[in-house]
Amino acid sequence: MRVGIGYDLHPLREGRPLVIGGVRIDHPSGLDGHSDADVLTHAVIDAILGAAGLGDIGAHFPPDDSRYRDASSIDLLAEAARVVANAGYRIVNIDSTVVAQSPRLQPHLEQMSGNIAHCLGLDHGSVSVKATSPEKIGALGGGAGIAAQAVALIDAT
């Protein structure tokens, strides 16, 4: 068994769609980044790659590579899962938390976990997505961005 952790943070910017866990959420601002900037999916990618000792998201999907401009992070997660599987590992489960002052994410958590589970070929119960508020503390609490963290458990196939 191997464990990996992932963390991602992106600023919010007007005029971009907000995508978290592969779910497009109605909000006046979206996350700014090279791809769709899906912080949750990026954290999961780093967690599974890290557990397998295969580097991080930037090593596999460089931000200066035009192929990944506005890319769907769910598609990147599927590719990262293939890389992990080809290295001889099976993803067992994912636990994650999104940190956002707004919007309220509770109504979307089931769909987020379902999207990630489907992408990874896991049972829905093997992917946990939670949300918490930074309680108006710091930059995240002021609504400047959204962060996510994830933990992945993998084992050798």
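Val3 counts as exposed in this predicted model, because its relative accessibility of 56% exceeds the 50% above which a residue is classed as exposed. The residue is found in strand E1, which spans residues 2-14. Together with Ile5 and Val151, Val3 makes a nonpolar surface patch of about 290 Å².

Strand E1 also contributes to the largest pocket of the model. Both this strand and helix H2 (57-60) supply at least two residues each to the lining of that pocket. The volume of the largest pocket is about 200 Å³. Its lining consists of 13 residues, of which His34, Ser35, His42, Phe61 and Pro63 are the closest to the centre.

Six salt bridges are found in a search of the whole structure. In one of them, Arg13 pairs with Asp32, and the closest N and O atoms are 3.0 Å apart. This pair links distant parts of the chain, since Arg13 is in strand E1 whereas Asp32 is in the loop between strand E4 (29-31) and helix H1 (39-51), 19 residues apart. Asp32 has a relative accessible area of 26% and is therefore partly exposed. Arg13, at 39% relative accessibility, likewise counts as partly exposed.

Another of the salt bridges joins Asp95 to Lys130, with 2.5 Å between the closest N and O atoms. Here too the pair links distant parts of the chain: Asp95 is in strand E5 (residues 89-99) and Lys130 is in strand E6 (residues 127-132), 35 residues apart. Asp95 is partly exposed, with a relative accessible area of 33%, and Lys130 counts as partly exposed at 34% relative accessibility.

The salt bridge between Arg67 and Asp65 has its closest N and O atoms 2.6 Å apart. Its two partners fall into separate accessibility classes. Arg67 counts as exposed because its relative accessibility is 61%, where the class requires over 50%. Asp65 is buried because its relative accessible area is 16%, where the limit for burial is under 20%.

Ala37 has a positive phi of about 60°, although it is not a glycine. With a relative accessible area of 0%, Ala37 is buried. A positive phi near 60° also occurs at Asp70, again a residue other than glycine. Asp70 is found in the loop between H2 and helix H3 (73-86), and helix H2 is one of the elements that supply residues to the lining of the largest pocket.

Lastly, the peptide bond that joins Ser102 and Pro103 is cis, with an omega of about 5°. Pro103 has its place in the loop between E5 and helix H4 (109-120).

Note on methods
Residues are numbered from 1 along each chain as its sequence is written. This is a predicted model: local features need pLDDT of at least 70, side-chain atom pairs count only at pLDDT 80 or more; totals for chains, interfaces and linings use all residues. Side-chain values use heavy atoms; hydrogens and water are left out. On a 1 Å grid over the protein atoms alone, a cavity is a set of points where a 1.4 Å probe fits but cannot get out, and a pocket is an open set with protein on both sides within 12 Å along at least five of seven lines; lining residues have an atom within 4 Å of a point. Grid points are joined across faces, edges and corners, and a volume is the space filled by probe spheres set on the points. Helices (H or I, at least four residues) and strands (E, at least two) are DSSP runs, numbered from the N terminus. Patches are made of residues with over 30% relative accessible area and no salt bridge: like charges are joined within 9 Å, nonpolar side chains (Val, Leu, Ile, Met, Phe, Trp, Tyr) within 5 Å. Accessible areas come from the Shrake-Rupley method with a 1.4 Å probe; for residues, only the protein chains shown count as cover. A salt bridge is a side-chain nitrogen of Lys or Arg within 4 Å of a carboxyl oxygen of Asp or Glu. Buried means under 20% relative accessible area, exposed over 50%, partly exposed in between (1.4 Å probe, protein chains only).
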